[in-house]
Amino acid sequence: MFDTVQETVDRLAMTLRRSVVLEDPDWVLLASSAHYDDLDPARLQTLTARRPTEALGAELRSRRLHAQLVPRVIDADPSWGLEHPRLVLTLRSRYGVLGFLWITLVEPLTPGESQLVIETAETLRALLVNISQSIEAVNAEVESEMLGLLTPDAASRGRAADELVDLGMFTRSRRFVAMCLSLDVEWAPWGGPPPREVISHALLRAITTPMIDAYSFVPTMPETLVVIGFRNEPTLEAIQSVVTAVIRETDAADVQEPLGAVLGVGSSVEALADTWESYEQALIAVRVARSRGSRSASWRADPIAASTAVLLAQEPPPHLLPEPLRRLADAPPETIALFEAYLAHGASVAEMADHLGVHRATVHYRLRRAAESIGIDIEDEAARFVVGAWLRQRWFRV
């Protein structure tokens, strides 16, 4: 299919006697003609690195080429390596931008040449739609089998794993790590690029470690399942490198509102069919991260916090809350904050007094009044345990 795209670009260039370039929505080179004495630094960069410099890429994004509906001329600007003006056409399907067609304008186009450019752009658009649909069909099949990895039935998970390998996924992987990418943003309707496209671009830029054999994902909103296949047992440092990159790239996504990504990481497993275990751990890790106001957490790196989240994950129904806990749930924020500080300092009045810069008697008085307001004796060890458990459960209730 891309041979046909290349042939179409070459035919247009030979007819116009000027350079023609086709790039994808991220300005990565898809097809390029021979040059016709119009080579400049920007075009040379595209030919050698397959994409523009970061500075030029940022400049192009600022010009909102993704939103344009008609052909547009970009003036020459040597500071960006553009020594010749360029005509750019945005090729789009019903669902989003497919790419950009660039024509170097050493001289203006004649009306006949302009019409030929428009007709060729439509041909290329149709070709890219066909390619996109073929890719979407494969993606749909992969995503279906990825969801199959999460089914309760072990035999079904095994079949899904086998199908993914048959599709060419994870063929050399020996260890598997599941991640949960949780986003705050509501996806639809919002007028931006599809969720899969945003997440796909972020993961493509982030997951570049040579140790990684393959990865795949399925946007099970608001949580996205990401499975990474490693050739060997990944180190905590390698995992953290991926986590940092994923957060960075989701923050840099060209969307209308911040994604607020939080990433949870499960432990590694030996079999692809067992990644459901890693994913359920990743879901707990997301709860841990949110309870701390953090962007990420790892099941393997923080077992104590993960244990707390597991043991206190379930919120009891209101009718099973004894009266002191009901009063605590309805207590003023300053009362809850006082108990949280007491818990954070290990129930040490002395440490709490030093932290607040007040006398110990003052702390005793405030705690006694707060405890009386909800109907407990704060000096009782069991009562302190109940309050501490309720507060910790509250932190993980997200």
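**View 1. Salt bridges, with the pair Asp40 and Arg86.** Eleven salt bridges are counted in this predicted model, a salt bridge being a side-chain nitrogen of Lys or Arg within 4 Å of a carboxyl oxygen of Asp or Glu. One of them joins the side chains of Asp40 and Arg86, with 2.8 Å from N to O. Because Asp40 belongs to the loop between E2 and helix H2 (41–49) while Arg86 belongs to strand E4 (residues 86–92), this pair ties together parts that lie 46 residues apart in sequence. Helices (H or I, at least four residues) and strands (E, at least two) are DSSP runs, numbered from the N terminus. The model is predicted, so local features need pLDDT of at least 70 and side-chain atom pairs count only at pLDDT 80 or more, whereas totals for chains, interfaces and linings use all residues. Residues are numbered from 1 along each chain as its sequence is written, and side-chain values use heavy atoms, with hydrogens and water left out.

**View 2. The antiparallel sheet.** Five strands form an open sheet with antiparallel pairing, in the order E2-E1-E5-E4-E3; two strands pair if DSSP finds at least two bridges between them. Strand E2 (29–32) and strand E3 (72–74) are at the edges with a single partner strand each, so one side of each has no neighbour in the sheet. From one strand to the next the twist averages 25°, with axes taken as lines fitted to C-alpha atoms and angles running from 0 to 180 degrees between N-to-C directions. Within this sheet, strand E1 (residues 20–23) and strand E5 (residues 97–104) run antiparallel and are joined by four bridges, and Glu23 stands opposite Phe100 in E5.

**View 3. The mixed sheet.** A further open sheet of five strands has the order E7-E8-E6-E9-E10, and its pairing is mixed. Strand E7 (212–218) and strand E10 (296–298) stand at its edges, and since each has a single partner strand, one side of each is left without a neighbour in the sheet. Here the twist averages 20° from one strand to the next. Strand E6 (residues 175–182) runs antiparallel to strand E9 (residues 262–269), the two being joined by six bridges, and Met179 is placed opposite Val265 in E9.
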